[in-house]
Amino acid sequence: MRETILVLDFGSQYTQLIARRVREHGVYSLIKPFNIPLTQISDINPRAIILSGGPASVWDEKHPSLDPAIFDMGLPILGICYGLQITVHLLGGRVERSEKREFGPSKLSVLEDSDIFSGIAGESEVWMSHGDRVLELPEGFSVIARSDNSPQAGVRSEKLKFWGTQFHPEVAHTDFGKEILSNFVHKIAGCKNTWTPKSFAETAINEIREKVGDSQVICGLSGGVDSAVAALIIQRAVWDKLHCIFVDTGMMRLNEAQEVVRSFRDMGLNLIHVDAKERFLEKLRGVTDPERKRKIIGEEFIRVFEEESSQMSGVEYLAQGTLYPDVIESVSVKGPSATIKSHHNVGGLPEKMELKLIEPLRELFKDEVRAVGRELGLDPEILNRHPFPGPGLAIRIMGEITEERLEVLRLADYIFIGEIKKAGIYDDIWQAFCVFLPVKTVGVMGDERTYENVIALRAVTSLDGMTAKWARIPDQVLEKISVRIINEVKGINRVVYDISTKPPSTIEWE
């Protein structure tokens with residue numbers, strides 16, 4: 001049985017980060033809404049539970065809460081920020097609205113360097129993000145760390161196997177955050193380092209082989225690392241029963257369709273190439289809303305797959321490279337977390353489908369996918385490619401999609417990516433691309449007035465795509481990119497660089 005740490009989500013912007021940090025310690029983590037029934041928790045059979053932070057206050061009229069019986073399950077529980085506050089509130093302690101809200105760095109004094117604070121003595125810097133604080137602890141609780149503004153910054157109840165931190169150990173700004181989570185996962189919950197790329201691949205291959213049986217599988221290939229790794233896993237499970245379909249939607253980057261077909265056929269995959277450019281462009285004609293774009297593309301992808309599979313015998317399954325962040329962002333849990341956007345292969349799927357889904361990467365974050373791909377021997381050229389969304393350039397054109405706008409965006413993007421590769425910084429960037437803005441601005445070229453569109457450059461650094469910082473591309477590189485795009489791409493007279501972080505912005509513009 002796989003050891004699991006269950007993370008209950010109260011709507012924190014850091015919930016996904018908690019899950020990732022646990023996995024970095026070699027233990028599988030699973031995110032579920034805070035109000036999941038206790039029977040489902042028992043079915044998951046976790047080794048321990050982490051209660052996330054969240055934006056709510058226990059003094060809000062409809063604040064998210066827990067079934068107090070969770071503390072009788074005998075499982076180690078770590079409450080972070082709101083997770084600590086709601087525990088104290090439910091068990092008879094007192095939480096107050098703090099006179100001084102605490103957002104940012106704070107000095108933590110560890111009073112007892114044992115169990116969760118093992119090896120962390122004295123003072124260190126931690127990251128706080130709260131407006132309430134614990135004033136009185138429930139009976140049987142003790143203080144094991146404090147800060148100037150939070151006298152109960154770290155607490156413990158040996159009887160209930162509960163530990164709580166007012167600060168966020170999952171963020172990089174907390175000095176010993178990794179050690180705190182490691183202490184909880186390994187020393188308190190007793191988990192071992194069993195969550196590895198090799199163990200995941202072996203389990204996924206066996207599960208797919210058992211599930212598929214003698215049926216045939218089709219797999220949608222986009223050319224990116226996600227669908228490539230999914231295809232390799234399924235190939236190892238069913239071999240010649242796998243049929244990969246690459247759909248050219250007309251939303252690909254310059255020369256990308258030809259490169260994808262060549263690369264995947266070189267990998268020995270049974271590849272079917274479907275040219276559906278006109279079909280997709282017609283469906284998207286006049287559409288400007290980004291959610292409609294995604295849903296139209298998701299629907300049309302499925303219809304193409306169904307049409308192709310109808311020409312084969314025994315096809316029952318459709319495989320996709322869906323990732324955990326796709327699921328988190330697309331499908332709102334029944335709690336405070338919001339749906340950010342529909343991913344074409346999750347929220348964009350039609351309600352009625354003829355094929356059953358196989359999503360071997362649905363539990364993985366992006367960096368974990370790359371690690372699995374490396375374990376399976378995936379070509380580094382594909383493995384190290386920047387992420388590319390399934391809807392492609394459709395969601396990098398603001399407003400209506402036309403062939404003319406697609407051609408402009410392809411050329412600009414080709415220049416941008418080519419120049420960062422020449423500068424030797426491509427591998428240092430998580431994702432880089434251009435966005436076409438249907439905004440016209442005045443310019444001067446050859447002593448004549450121009451009134452043309454804008455290209456926005458977007459480049460970010462990240463570990464998993466859940467949070468991201470804008471990449472510090474050298475000025476001289478940005479200048480060269482701008483000059484080339486304006487001079488070589490007809491219809492563009494202005495280039496801007498997006499310096500937004502995620503959150504509050506998303507990486508893609510739509």
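A salt bridge is a side-chain nitrogen of Lys or Arg within 4 Å of a carboxyl oxygen of Asp or Glu. In this predicted model, local features need pLDDT of at least 70 and side-chain atom pairs count only at pLDDT 80 or more, while totals for chains, interfaces and linings use all residues. Residues are numbered from 1 along each chain as its sequence is written, and side-chain values use heavy atoms, with hydrogens and water left out.

**Salt bridges**

The structure holds 31 salt bridges.

| Pair | N to O distance |
|---|---|
| Arg279 and Glu307 | 2.8 Å |
| Glu407 and Arg410 | 3.7 Å |
| Glu136 and Arg94 | 3.8 Å |

Helices (H or I, at least four residues) and strands (E, at least two) are DSSP runs, numbered from the N terminus. Arg279 forms a salt bridge with Glu307; the pair links distant parts of the chain, with Arg279 in helix α8 (residues 277-284) and Glu307 in helix α9 (residues 290-309), 28 residues apart. Arg279 has a relative accessible area of 27% and is partly exposed (buried means under 20%, exposed over 50%, partly exposed in between, with a 1.4 Å probe and protein chains only). Glu307, at 39%, is also partly exposed.

Glu407 and Arg410 both lie in helix α13, three residues apart, about one turn of the helix. Glu407 is partly exposed at 38%, whereas Arg410 is buried at 14%.

Glu136 pairs with Arg94. Glu136 is partly exposed, with a relative accessibility of 42%, and Arg94 is partly exposed with a relative accessible area of 42%.

A network of salt bridges links Glu419, Lys422, Lys480, Arg484 and Glu488.

**Strands β1 and β2**

Strand β1 (residues 4-9) runs parallel to β2, and six bridges join them (two strands pair if DSSP finds at least two bridges between them). Ser29 in β2 is the bridge partner of Ile5. From β1 the chain crosses through helix α1 (residues 15-24) to β2 in a right-handed β-α-β crossover, meaning that, with the strands pointing away from the viewer, the path from the first strand over the helix to the second runs clockwise. Strand β2 (residues 28-33) is largely enclosed by the rest of the structure, because five of its six residues are buried.
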